[in-house]
Amino acid sequence: MSEAKARRSDLRYRIGLNLRAVKGRSYPRIVGANREPSWIFFEALLPLLGIAAYVFIYQFFGGQALAAITTKTAAAPWGMCGHDPCANAAAQSAAAAAVGANTNALVASVVLGGTMVAFWLNVLWSMASQLYWEKEIGNLQLYMMAPMNRMALLGGMAVGGMVMTSMRAVSTLVAGVLVFGVVFQVASPLLLLAVFFATLIALYGLGMMFASLYLLWGREAWNLSALMEEPIFFSSGFYFPLGGLLKIPGWGPAIAIAGSFIPASLGLDALRQLTLGSTAFGGNFWIFSVTTELGILVGMAVLFLILARYCLAYLETLAKREGKLTSRHQ
Amino acid sequence: MRTYWRTFKTAAWLGWEMDSNWTEPWLFVLYSVIKPVAGAFILVLMYIVFVAIGRPSGDADAFSYMYVGNSFFIFVATVLFGTFQVIQSDREWYQTIRYIYISPISYYVYILGRAASKIAVAVFAVAITLLFGAMFLGVRLHLALADVPLFLVSTVLGLAVLLAIGICLGGISFLTAKHTHGLAEGIPGLFYVFCGVLFPLSVLPSWGQAVGRAIPLTYWFDITRRLIAPTVTVNTTLSGFDPLTILLFLIVSSIGFFLLSVLIYKVGEYFARKAGKIDMTTSY
């Protein structure tokens, strides 16, 4: 056995090589962001405005609902509590308090959704599209010639992406608490962390799988990523509790089930239950219990990582056979 | 002038081909519709959820206000992105900017041409979204025949302002790294919040209202809403301005933003050339 062959079969050497590859591929994302200060403004601060718009919508609705409750008329001297006039001042106060609590819970839902949007966009544009992008700029053949496992390359992209995106996610959370006065009640921090990381691993596993598929899809890939923004924000309940879709007869549950294949859907549902309490919204908008959702997320994470491994190997071979591995703009 | 027109036409054709020739025409039409309709449905679901838990009697006026604003916001997102992404896509993605830049054309006009195809797609998407809302979601639309000319003029002026803002951002992007997505999300987000698109300015704090009143798009959204959804009674805090005043304001601001866009574009171009950034690539 030659020396080179012996090294390649040495487990310790292979693990070290792949860990170095993970570090090497995540490095430009982490350090690149630090070397380009404008990144913070464009990627972390500006997107907060879009989230703020959704927050203000709920505050607008809340304000309108509160005005209906507090406006006194001859027919409703204590204002309107739903369809009927409020019976007395206590009923009016209770209705106003309920509107305030519901508005806070919905605003908190938007803030949590906004943090997940950051990760989903990173998965789409910096994971799924990345191998295609590397092909376009001529790096892909260099990666393919290097001796490390391709999964280590994708793993490095994922780790770098998570760190880079965390700044935006954290700034969204901080803005939610400080600017919009959102109140989170975390009862089980360990479970919260478990759900969060299971969601991230499943999401980035999905991104790794897409990265392989995008190699073959070529130019359609960019448009597919664009297509997976608003429709996924909608079907996965990024800005409203996903259970809202289940309340719409007919197409609502179908969309919710389709959206649930994106790990962010159930991840967000579980995170909302853990930070707002399972009784928020009257407990009517949750899909499953937190533990069930955690189990599904762990299953998704394992499944997507395995699928990514196989997709990458298969599509790399296919791309080489069809001569598409280095062909640009197709 | 003929060179400008020829540049514009060719760039518009190029933009259309780049946008649409990756797939079959029917799939492209579907693609062009799904995104904005899904965006509208996010708001529909937000409304449904709020009504289910917070206001059983509903609020049809608030919903129509929000839906119409969101439909016309498609123009903002598409036109801005269609304009400022030209420099970055030519520079970073296709790496063709050096060849286009040294050709004997106006690069400014070329950018406008490339954006034109996006406007065409946006018109289609806005129309579909509004029709869908009117037919299936009970959005109250009514455009009187007498108001059509005013509506068309205000729409053209609003698009002119958007194009000029897009070029301003393009001028800045000569000097920045690959921030297309941050810009695509962030700048429209600025208008989403401050221009009374989804909620009236009165919801904002007083400094936010002042910012909103300083942006011409606020008035564009207001006049559009007054013309196509006149029965919506939400207090926009802009009722003191009559339509002709708003139109005059849009004319002045479109000229002002055009001049500003030329200035920012030229300054960005000058510094990019000086720093050797015209054809840089940032491959993080």
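1. Start with α14(A), residues 263-276, and α15(A), residues 290-322: in this predicted model, their axes come within 9 Å and cross at roughly 150°. Angles over 145 degrees count as roughly antiparallel, so that is the label for α14(A) and α15(A). The crossing of these two helices is left-handed.

2. Who does the touching there? On the α14(A) side, the contact includes A:Pro263, A:Leu266, A:Ala270 and A:Leu274, and on the α15(A) side, A:Val290, A:Leu294, A:Leu297 and A:Met300 are among the residues. By class, the α14(A)–α15(A) contact has 9 nonpolar, 2 polar and 2 charged residues.

3. Over in chain B, look at α3(B) and α6(B), the latter spanning residues 148-173: their axes come within 8 Å and cross at roughly 30°. This crossing is right-handed. From α3(B), the residues involved include B:Phe75, B:Val79, B:Phe84 and B:Ile87, while α6(B) brings in B:Leu159, B:Leu163, B:Ile167 and B:Ser173, among others.

4. Now the contact between the chains: chain A puts in 52 residues and chain B 43 residues. On the chain B side, the elements giving two or more residues are α2 (25-54), α3 (60-93) and α7 (180-194). Which element of chain B gives the largest share? That's α2(B), with 15 residues.

Terms used. Residues numbered from 1 in each chain as written. Chains lettered and ligands numbered in written order. Predicted model: local features only at pLDDT ≥ 70, side-chain atom pairs only at ≥ 80, totals over all residues. Contact = placed C-beta atoms within 7 Å. Helix = DSSP H or I, 4+ residues; strand = E, 2+ residues; numbered from the N terminus. Axes fitted to C-alpha atoms, helices over the stretch in contact; angles between N-to-C directions. Parallel < 35°, antiparallel > 145°, perpendicular 65-115°, else oblique. Left-handed = near helix turned anticlockwise from the far one by under 90°. Nonpolar A, V, L, I, M, F, W, Y, C, P; charged D, E, K, R; others polar.
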